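Thanks for coming, everyone. Let's take a quick walk through a new structure. Please look at the screen.

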Amino acid sequence: MTEKKYVLAIDQGTTSSRAILFDHSGDIVSLGQREHRQIFPKAGWVEHDPVEIWQNVRACVADALQKAETNRHEIAAVGITNQRETVVVWDKNTGEPVYNAIVWQDTRTSKIIRDLAGDEGMSKYRDICGLDLSVYYSGPEITWILDNVEGAREKAEAGDLLFGNTDCWVLWNLTGGVNGGVHKTDVTNASRTMLMDIRTLQWREDVCADFGIPMSMLPEICSSSEIYGYGRKNGLLVDTPIAGILGDQQAATFGQACFEKGMVKNTYGTGCFVIMNTGEEPVFSRNGLLTTVCYKIGDNKPVYALEGSIAVAGSLVQWIRDNLGLISDSKEIETLARTVDDNGGVYFVPAFSGLFAPYWKDDARGAIVGLTRYNTKAHIARAVEESTAFQSREVFDAMVADSGVDLKELRVDGGMTNDELLMQFQADQVGVPIVRPKVMETTALGAAYAAGIAVGFWDGEQDVIDNWSEGKRWEPAGDKDEVERQYRLWKKAVTRTFDWVDDDVKQD
Ligand SMILES: Nc1ncnc2c1ncn2[C@@H]1O[C@H](COP(=O)(O)OP(=O)(O)O)[C@@H](O)[C@H]1O
Ligand SMILES: O=P(O)(O)OC[C@H](O)CO
């Protein structure tokens with residue numbers, strides 16, 4: 001038998017899909033990556049084509065294997081990690097999606113969540129699922145598809161439709177699709193639907209009934225590290241165990257080896273997601289954070305987390321590039337921002353999908369405030385950079401308030417951590433060192449570890465800790481009074497975005 005040398009991770013993200021081969025030391029051997037289309041049919045709506053995503057995943061896997069000149073015989077297991085909450089609903093008989101994937105950034109379900117809240121308010125389900133009603137989560141998006149796509153509800157009630165986040169969609173296709181595809185997900189993804197009981201880790205029949213979602217559509221909830229199924233016949237991964245699934249932010253937490261209660265990571269990608277490990281009991285926030293499952297390894301107890309989700313971070317850099325044309329490449333934002341000494345009084349609150357943590361206001365919209373004729377595009381670039389750091393500080397402060405834990409450092413990863421100006425500004429704002437690991441693809445790495453642990457390629461968490469090593473560190477500097485003055489102005493700027501969408505233009 002050929003020796004197993006690698007674990008393959010599939011990272012199905014918001015902007016792109018990646019397939020990465022890791023060796024036993026947790027180092028990257030090869031990588032395939034493809035971007036998919038972002039579809040914006042109306043203001044506030046964001047969709048992806050699930051078929052394009054699946055084709056891209058297949059192509060990325062082929063690229064990664066080819067670049068490493070290897071094949072499935074050398075691969076111990078496959079892990080999947082994914083953009084969370086994004087909903088795919090498909091016909092199990094044909095394998096065809098009934099609608100585009102509705103992406104986590106989409107705001108079309110604002111009426112659905114208000115109707116669900118009724119007189120009891122947005123926190124109605126918080127004690128059950130750890131989440132307040134929001135346009136962010138999968139449940140309301142499934143409801144929207146069943147209510148709005150012709151024939152979908154009848155088909156769902158007849159047991160012909162399946163729901164999954166993109167982990168589940170990729171797993172079902174990888175394991176055979178209409179020819180015996182496995183319909184499973186993991187606890188971390190299920191914890192973002194609003195339909196799972198955060199304590200029992202089972203679907204809640206009563207909540208599904210409130211949302212009008214037939215239970216037959218829902219995947220089986222599994223741990224994050226076990227064998228879910230094997231690669232389909234005729235595929236590149238035939239008979240290879242698919243053995244790890246984690247939502248991408250939880251995967252990054254795992255890949256960053258945040259295994260101790262109180263450890264925190266922040267991933268700077270399309271959005272920003274700060275996660276704190278809170279141990280084996282769910283902790284409920286008083287400061288606008290959400291409660292989520294962090295990971296569950298096989299039969300072990302689940303580990304929970306508090307999360308501060310920020311909808312817009314790197315996507316603001318993309319917007320500056322694609323919609324305003326101020327830069328032609330994401331990394332130029334730093335160069336442009338460095339041409340001025342400060343933000344010139346400009347604050348940019350990117351409430352494009354409303355505001356997520358810690359505000360949860362779906363009727364907020366983006367604003368640039370503080371403009372004078374003195375300002376140039378460089379001040380706007382600087383305000384773009386700073387907005388990510390200010391938003392992260394807000395959730396970081398909320399975490400300290402909720403947990404009472406005095407944070408020692410912040411582990412970071414994601415594409416935007418290449419931006420050194422941002423990282424230094426972040427250290428100044430949070431007042432603790434920012435630490436980036438050597439291997440920056442921690443999301444894919446986390447999924448690889450979960451899969452590798454399930455099949456004995458790695459022994460357990462200690463291997464992850466041993467393999468993790470520091471790449472770069474930014475210490476807090478800067479004048480404290482000035483740091484606080486800017487933060488106060490940021491908070492003032494945020495209030496200017498509230499309550500922007502009037503009732504007469506609210507989407508249904
Ligand atoms: N050097 C950089 N400076 C600022 N932003 C960057 C830089 N490199 C990438 N980005 C931003 O980071 C995001 C990509 O990060 P990534 O971790 O790949 O995101 P995701 O996993 O969400 O697709 C993009 O939104 C991009 O604009
Ligand atoms: O795909 P990313 O990295 O932007 O992450 C998206 C999050 O999982 C949404 O909750």
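Which strands does helix α1 lie across? Helix α1, residues 50-67, lies across β1 (6-12), β2 (16-22) and β3. Against β3, helix α1 runs at about 150°. Keep in mind that this is a predicted model.

Now the sheet itself. It is open and has 6 strands. Read across, the order is β3-β2-β1-β5-β12-β11, with mixed pairing. At the edges sit β3 (28-35) and β11 (225-230), each pairing on one side only. On average, neighbouring strands here are turned by 25° against each other, direction ignored.

Strand β12, residues 241-247, is joined to β11 by 3 bridges, and the two run antiparallel. Find G229: it stands opposite I242 in β12.

Helix α9, residues 248-255, lies across β1, β5 (75-82) and β12. Its direction is at about 100° to β12.

Next, ligand 2. It has 13 residues around it. Those that come nearest are G13, T14, Q83, R84 and T270. What classes make up the shell around ligand 2? There are 9 polar residues, 3 charged and 1 nonpolar.

Last stop, helix α12, residues 377-403. How far apart should its ends be? At 1.5 Å a residue, its 27 residues should span 39 Å, and the end C-alpha atoms are 39 Å apart, so the two agree. Helix α12 is mostly covered, with 22 of its 27 residues buried. Just after α12 comes G404, with a positive phi of about 70°.

How values were computed:
Residues are numbered from 1 along each chain as its sequence is written. Chains are lettered from A and ligands numbered from 1 in the order in which they are written. This is a predicted model: local features need pLDDT of at least 70, side-chain atom pairs count only at pLDDT 80 or more; totals for chains, interfaces and linings use all residues. Two strands pair if DSSP finds at least two bridges between them. Helices (H or I, at least four residues) and strands (E, at least two) are DSSP runs, numbered from the N terminus. Axes are lines fitted to C-alpha atoms, for helices over the stretch in contact, and angles run from 0 to 180 degrees between N-to-C directions. Two residues are in contact if their C-beta atoms, placed from the backbone, lie within 7 Å. A residue is near a molecule or strand if its C-beta atom, placed from the backbone, lies within 6 Å of it. Ala, Val, Leu, Ile, Met, Phe, Trp, Tyr, Cys and Pro count as nonpolar, Asp, Glu, Lys and Arg as charged, and the others, Gly among them, as polar. The expected span of a helix is 1.5 Å times one less than its number of residues. A residue is buried if 20 or more other C-beta atoms lie within 10 Å of its own, exposed if 12 or fewer, and partly exposed in between; C-beta atoms are placed from the backbone.
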